[in-house]
Amino acid sequence: LSLLDMITGIIPANLIQPFATGNVLQMLFLACFFGIIVNRAGERANVVKELIEFFNFFFMDVMNVVVKFIPLVVFCSMVQLMLTTGTDALLSLGIVLAANAFGMALIVLASGLFVTLAGKISPVPFLKKALTFAPIPFSLNSSNACIPMTLKLCAEKLGVDSRLAMFSIPVGLQFNMNGSSFYTAMIAVLMARSLGVGLNLNTLVTLTVSTFLVSVTMAGCPGSAIIGLSTVFEAVGIPTAAVALFLPIDSPVGMFRTVGNVTSDVASTMMLACSEKQVDKETYTAE
């Protein structure tokens, strides 16, 4: 699909089409459109708002239950993959996993660089404390689950004003998914090269735009990147069934993605705090 086709295709022909075809971008358009209408209605839409909040918590609880079965699904997918392609596939998946880990290291370094440029402060304390904190998002594998510890890191270790952090971190968790964006783009380019999809300028622009749009719709929970990956595949012209190839490594890859997402959120919070002069320099430089 071209970028123009993707943009014009965001508006669905009817309300059923996005859910029947699984088009996440059209679902996002409908969500934004009806969200604006509900907000404009004010108090008249209180019942609708309560209903939306109920379904939000309901489906998050459903997701939490489904996530518990992901290890079993991953095991079955790994066995099927080895029976179909042999153990050589493990080496290829290992290379993908190593490339993702290398990308997350680049994101951490880039976060330190942006903090330095924005706040004109040394990146060493930020990088040390970010690396010390990294095992927490790595083990939890969920940006949402890390919120209390992330807020504590910003306030007690980096010297950021707690009120600013309470605003910036939740917003960043939804709109600053650098780790997920990197992984999605990397896998899309890999599959495009493998299947002979031309990576011309139009395809790369489409990939960039679709990755950005999908990344801001991903939930901060394990397994959400798989859904986003299928949407990007469809936008670029890659068969969505190829997503199943990466299901066996989604859990360990998700751990690294979470580290990249949380670190970039903390970096953006530091940049905002530096611009607003709401950083305690003594706390930031303290060991």
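Ser111 touches Phe126, Thr263, Ser264 and Ala267, leaving out residues up to four places away in sequence; contact here means heavy atoms within 4.5 Å. The model is predicted, so local features need pLDDT of at least 70 and side-chain atom pairs pLDDT 80 or more, while totals for chains, interfaces and linings use all residues. Residues are numbered from 1 along each chain as its sequence is written, and side-chain values use heavy atoms, without hydrogens and water.

Ser111 lies in helix α6. Helices are DSSP runs of H or I with at least four residues, strands are runs of E with at least two, and both are numbered from the N terminus. Ser111 counts as buried because its relative accessibility is 5%. Buried means under 20% relative accessible area, exposed over 50%, and partly exposed in between, with a 1.4 Å probe and protein chains only. The side chain of Ser111 reaches the backbone oxygen of Ile107 at 2.8 Å.

Helix α11 covers residues 178-195. Its 18 residues should span 26 Å at 1.5 Å a residue, and its end C-alpha atoms are 26 Å apart, which agrees. The expected span is 1.5 Å times one less than the number of residues. Buried residues of α11 include Tyr183, Ile187 and Met191. Just after α11, Gly196 takes a positive phi of about 80°.

The largest nonpolar core has 24 residues. Such a core is a set of buried Ala, Val, Leu, Ile, Met, Phe, Trp, Tyr and Cys residues joined through side-chain atoms within 4.5 Å. Ile187, Met191, Phe233, Ile238 and Phe246 have the most contacts inside this core. Two or more residues each come from α6, α11, α12 and α13. The largest share, six residues, comes from α11. Apart from neighbours within four places in sequence, Phe246 is in contact with Val96, Tyr183, Ile187, Leu190, Met191 and Phe233. Another core, of 22 residues, lies apart from the largest one. Among its members are Val115, Leu164, Ala273 and Tyr284.

The structure holds five aromatic pairs. Rings of Phe, Tyr and Trp (its six-membered ring) pair if their centres lie within 6.5 Å; planes under 30 degrees apart count as stacked, over 60 as edge-to-face and the rest as tilted. The rings of Phe33 and Phe34 have centres 5.3 Å apart and planes at 80°, so this pair is edge-to-face. Phe33 is partly exposed, at 42% relative accessibility, and Phe34 is partly exposed at 39%. Phe29, Phe33 and Phe34 form one aromatic cluster.

How values were computed:
Polar contact = N/O pair within 3.5 Å; in protein donor to acceptor, adjacent residues only side chain to side chain.
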